[in-house]
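Me: Hi, I have a fold open on my screen and would like to talk it through. Could you take a look with me?

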Amino acid sequence: MGLSLEATLMDARETAKMLNMSLTWVYRDAPKLGLKGYKLGRGRNAKIQFKKTEVLNWLEQQKLL
């Protein structure tokens, strides 16, 4: 029995909250810094989702030495 897809995806608002960043930052700056979202749907109202595991992995890579 695997995880459901809903359990592994977060919307942009949840992602912003997890990273303690603004929603604007998630949409504008995160992709430039290597945190890529998944566009679900078409057009302007398409939902951007992020895989929780990818967000956590990206966050781990941001650690300072």
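Me: How many helices and strands does the protein chain have?
Reply: The protein chain has 4 helices and 3 strands, taken as DSSP runs numbered from the N terminus (helices: H or I, at least four residues; strands: E, at least two). Along the sequence they follow the pattern α-β-α-α-β-β-α. Bear in mind that this is a predicted model, where local features need pLDDT of at least 70, side-chain atom pairs count only at pLDDT 80 or more, and totals for chains, interfaces and linings use all residues. Residues are numbered from 1 along each chain as its sequence is written, and side-chain values use heavy atoms, with hydrogens and water left out.

Me: Thanks! What is the strand order in the sheet?
Reply: The order is β1-β3-β2, in an open sheet of 3 strands with antiparallel pairing; two strands pair if DSSP finds at least two bridges between them. β1 (9-11) and β2 stand at the edges with a single partner strand each, so one side of each has no neighbour in the sheet. From one strand to the next, the twist averages 40°.

Me: And how many bridges link β2 and β3?
Reply: There are 3 bridges between β2 and strand β3 (residues 47-51), in the antiparallel sense. One of the pairs is Y38 with its bridge partner Q49 in β3.

Me: Which strands does helix α4 touch?
Reply: Helix α4 (residues 52-61) packs on the sheet and touches β1, β2 and β3, where contact means heavy atoms within 4.5 Å. Its direction makes about 65° with that of β3; axes are lines fitted to C-alpha atoms, for helices over the stretch in contact, and angles run from 0 to 180 degrees between N-to-C directions. Helix α2 (residues 12-19) lies across β1 and β3, at about 90° to β1.

Me: Where is D29?
Reply: D29 is in the loop between α3 (23-28) and β2 (38-40). D29 is buried, with a relative accessible area of 17%.

Me: Oh, and how much of the chain is buried?
Reply: Buried residues make up 25% of the 65 residues in the protein chain.

Key. Buried means under 20% relative accessible area, exposed over 50%, partly exposed in between (1.4 Å probe, protein chains only).
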